[in-house]
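This report describes selected features of one structure, moving from strand pairing to the nonpolar cores and then to the salt bridges.

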Amino acid sequence: MFNYIYRSNEFIIVTEKMEKDLLRFAEKVKRFFAGFSCACITICISGRSYTLESIHMAYVEAVGLLMTRKFCREDVVVVAGKDGTGNHVVNSRIGNEYGKQLRNLLLAGNRAGAGQMIFETIGLQDCECRGWTYLEVKQVTRQVMNILADYALEEQPKLSDFENIIESVDKKTEELNIQELCDMVKEIILYIMPGKEIAATDSMRDIVRKAVMWVDDHYAEEVTLASLAERYHVEHSYFSRIFRQEMGISLILYITRKRMEKAKEYIRGSEMSLMEIAFMTGYDDYTYFSRVFKKNTGMSPREYRDHFKEEKK
């Protein structure tokens, strides 16, 4: 078994076991992780490779199975060639016409229309019942984010901020949780199309202060707009707007910046490995952590540690 060191949640197993034994093993793995993992487990079984030279094709095939698994919040085992698996046709869920309509709605300042286009017309919120694959959801969210980014950059927010937002959406897509993914996209629409400021009551300002304190203490946990709104019994979009007004930054970016601050503290003040620091600050994927860190500091975590050591000499 090999651990892909830059993606701590991906493992590759090379074995001589036959398919029947592999399926039993896969079910055993599913049962084992079901007891304590909140993430979805996807086990991909490629076809057999009979030479060392062709073993890389087995990996490519397994990745293809992962990409075309059904987008749903459940553990699955997928086998190459079984019931047509591995031959799935990936559909284009958002064409040029939809993209043009979404751009026009954004330019017209029609926030409700833009949301309806993304979630209902294109169908992102119904992707599970429509049988979309993981890759189809990933492609749609990336296309939507590119359109939102083009609009946002005309309003001149910081480019690095929007890159962090896109990274967050990509990561949320990997978690196969459509409700939280849609909530995040809704928050982004509110971020780039805030509309007129609304009066915040003293009680709502107090809720925002409490939410900030909670995030500061629980930054390494899974924190979402939905979970905070539910925690403080307020409506999602209202909470998002007041948070941005009071803090001058969206919740997504606030969480990212808090995590980056703590990561820099750990790098400067401890001898923990960089992968440990990634985990301690809420990232189970080192590659993702490293990308976000570099976007925020201009250096990779390793370069940042080396730079700090040089300064201390």
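Two strands are taken to pair if DSSP finds at least two bridges between them. Helices (H or I, at least four residues) and strands (E, at least two) are DSSP runs, numbered from the N terminus. The model is a predicted one, in which local features need pLDDT of at least 70 and side-chain atom pairs count only at pLDDT 80 or more, whereas totals for chains, interfaces and linings use all residues. Residues are numbered from 1 along each chain as its sequence is written, and side-chain values use heavy atoms, with hydrogens and water left out.

**Strand pairing**

Strand 3 (residues 42-45) and strand 4 (residues 76-79) run parallel and are joined by four bridges. Within this pairing, Ile43 has Val77 of strand 4 as its bridge partner. Together with helix 2 (residues 55-67), strands 3 and 4 make a left-handed β-α-β unit; a crossover is right-handed if, with the strands pointing away from the viewer, the path from the first strand over the helix to the second runs clockwise.

**Nonpolar cores**

A nonpolar core is a set of buried Ala, Val, Leu, Ile, Met, Phe, Trp, Tyr and Cys residues joined through side-chain atoms within 4.5 Å. Buried denotes under 20% relative accessible area, exposed over 50%, and partly exposed the range in between (1.4 Å probe, protein chains only). The largest core has 61 residues, and those with the most contacts inside it are Leu124, Leu148, Phe162, Ile188 and Phe239. Helix 5 (residues 134-154) supplies the largest share of this core, 10 residues. Apart from it lies another core of 13 residues, among them Ala263, Ile267, Ala278 and Tyr283.

Contact means heavy atoms within 4.5 Å. Beyond residues up to four places away in sequence, Leu148 touches Leu106, Phe162, Ile188, Ile189 and Ile192. Phe162 belongs to helix 6 and counts as buried at 2% relative accessibility. Leaving aside neighbours within four places in sequence, the contacts of Phe162 include Met145, Leu148, Ala149 and Tyr191. Phe162 and Ala152 are 10 residues apart in sequence, with their C-alpha atoms 8.2 Å apart.

Helix 10 (residues 236-247) has 12 residues and reaches 16 Å from its first C-alpha to its last, close to the 16 Å expected at 1.5 Å a residue; the expected span is 1.5 Å times one less than the number of residues. Among the buried residues of helix 10 are Phe239, Arg241, Ile242 and Phe243. The buried residues of this helix pack against helix 4 (111-121), helix 7 (178-192), helix 8, helix 9 (225-231) and helix 11 (251-269).

**Salt bridges**

A salt bridge is a side-chain nitrogen of Lys or Arg within 4 Å of a carboxyl oxygen of Asp or Glu.

| Pair | Closest N to O |
|---|---|
| Lys295 and Glu167 | 3.0 Å |
| Glu175 and Lys172 | 3.1 Å |

Lys295 lies in helix 13 (residues 286-297) and Glu167 in helix 6 (residues 159-174), so their pairing ties together parts that are 128 residues apart in sequence. Lys295 is partly exposed at 30% relative accessibility, whereas Glu167 is buried at 7%. In the second pair, Glu175 is partly exposed at 24% and Lys172 is buried at 4%. Asp206 and Arg209 are three residues apart in helix 8 (residues 202-218) and are therefore separated by about one helical turn. Asp206 is partly exposed at 29%, as is Arg209 at 48%. Elsewhere, a network of salt bridges links Lys171, Glu174, Asp284 and Asp285.
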